[in-house]
Amino acid sequence: MAKKSNQSKTLPIFILNGPNLNLLGTREPEVYGYTTLAQIEKMCAAQAATHGLSIVFRQSNHEGEIVDFLQEARTGASAVILNPAGYGHTSIAILDSIQMLKIPLIEVHLSNIHKREPYRHHSYVSRGATGIVMGLGAQGYLRAIDAIGEILKDSK
Ligand code: CA2
């Protein structure tokens, strides 16, 4: 019989993206940049690998589906990176799901929401987030992965 390994593999980082982010790189590049979501996924996978980590990368235009992903993260992820997009400013349901997590969650925004319209200044997600990265474009996802790499290393 095969011997069981004592080494437990770290669960993936769930990288979750909210509504309209599937259109990245096609409109408003002056606000959101030219990088597509598919390119961000590749960049994230490569960055996670430098920390010995893997990712599950998802996007949804539906609030309930994001809630489902967050519930899945409770047992399936070591950490979450979430760009809630417009739902960050409106969704108590997504905040409730975040508050049920016992793992780190980093909120990411491509743009600096505080430099933008007043209705973007408040984020419900921020209340439940371990940390926030904003205004760095696609690079922000990579910096969030670096932060998670450090947090998970420190917690070992
Ligand atoms: O800066 C961010 O990452 C945002 O989360 C993006 C959201 C916006 O509602 C938040 O206030 C800040 C919008 C995502 C829309 O994505 C687009 C993609 C391509 C073209 C236009 C919008």
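Predicted model: local features only at pLDDT ≥ 70, side-chain atom pairs only at ≥ 80, totals over all residues.

Residues are numbered from 1 along each chain as its sequence is written, and side-chain values use heavy atoms, with hydrogens and water left out.

**Ligand**

- Around the ligand are 18 residues (a residue is near if one of its heavy atoms lies within 4 Å), and Asn 83, His 89, His 109, Leu 110 and Ser 111 come nearest.
- The shell comprises 8 nonpolar, 6 polar and 4 charged residues.
- An N or O atom in the side chain of His 89 is 2.7 Å from an oxygen atom of the ligand.
- For the side chain of Asn 83, the distance from an N or O atom to a ligand oxygen is 2.9 Å.
- The side chain of Arg 120 likewise has an N or O atom 2.9 Å from an oxygen atom of the ligand.
- The protein buries 94% of the 500 Å² that the ligand exposes when taken alone (Shrake-Rupley method, 1.4 Å probe).

Methods: Polar contact = N/O pair within 3.5 Å; in protein donor to acceptor, adjacent residues only side chain to side chain. Nonpolar A, V, L, I, M, F, W, Y, C, P; charged D, E, K, R; others polar.
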